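Hi everyone, thanks for having me. Today I'd like to walk you through a pocket and the ligand that goes with it. Let's bring the structure up on the screen.

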Amino acid sequence: MAGYDDNNVFAKILRGEIPCDKVYEDDHVLAFNDINPQTPTHVLVIPKGQYVSSDDFFSEASDAEIAALFRAAGKIARDKGLPQDGYRILANCGRDAHQEVPHFHLHIFAGCDLGVMIRPNR
Ligand code: 5GP
């Protein structure tokens, strides 16, 4: 796997070099609204640590970082009332998943019928 690119857009957001519409922050996690939302609610949840992808995060992050990320996602969803109608959490990893930003992130989608889970290009 390629090393972490310190110039990716989420690294710049974490350093405060470009703004974000912040939804949540703690010691390990930052969450903000997606700049190009695919659904009425579209939040990105990212670790503050430098992890390229889910593969990198799940193998290299500490238990505290992993717990913090998923606790944060759950809290954001609850605080927004999303469990009532439902929501979807997704993480793209690598080429076939069309991961655009090489800093691991969860997407939280909600606010409309989210359709079938996936339509692969076979
Ligand atoms: P990926 O395809 O890597 O899973 O998703 C990357 C997401 O980051 C996309 O949904 C895209 O709209 C979002 N994104 C890219 N650049 C920015 C930015 O500068 N600010 C915010 N808030 N979101 C961004």
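**The pocket and its ligand**

Let's start with the largest pocket: 37 residues line it, and Gln38, Leu90, Asn92, His107 and Phe109 are the ones nearest its centre. Please keep in mind that this is a predicted model. The space in this pocket comes to about 1100 Å³. Its lining is made up of 19 nonpolar, 11 polar and 7 charged residues. At least two lining residues come from each of these elements: helix H1, strands E2 and E3, strand E4 (87–90) and strand E5 (106–110).

Now, where does the ligand sit? It is in this largest pocket. Around the ligand we find 17 residues, and the closest are Asp34, Asn92, Glu100, His105 and His107. By type, the shell splits into 7 nonpolar, 8 polar and 2 charged residues.

Which element gives the most to that shell? That would be H1, with 3 residues. Helix H1 spans 9–14, and strands E2 (29–33) and E3 (41–47) also supply at least two shell residues each.

Let's zoom in on some of the atoms. A polar side-chain atom of Asp34 is 2.5 Å from an oxygen atom of the ligand. For Asn92, an N or O atom of the side chain lies 2.8 Å from a ligand oxygen. His105 also has a side-chain N or O atom 2.8 Å from an oxygen atom of the ligand. As for cover, the ligand on its own has 520 Å² of accessible area, and the protein covers 87% of that.

Terms used. Residues numbered from 1 in each chain as written. Predicted model: local features only at pLDDT ≥ 70, side-chain atom pairs only at ≥ 80, totals over all residues. Heavy atoms only, no water. Near = heavy atom within 4 Å. Polar contact = N/O pair within 3.5 Å; in protein donor to acceptor, adjacent residues only side chain to side chain. Areas by Shrake-Rupley, 256 points an atom, 1.4 Å probe, with all protein chains shown as cover. 1 Å grid on protein atoms, 1.4 Å probe; cavity = no way out; pocket = protein on both sides within 12 Å on 5 of 7 lines; lining within 4 Å. Sits in = over half its atoms within 2 Å of the grid points. Helix = DSSP H or I, 4+ residues; strand = E, 2+ residues; numbered from the N terminus. Nonpolar A, V, L, I, M, F, W, Y, C, P; charged D, E, K, R; others polar. Points joined across faces, edges and corners; volume = space filled by probe spheres on them.
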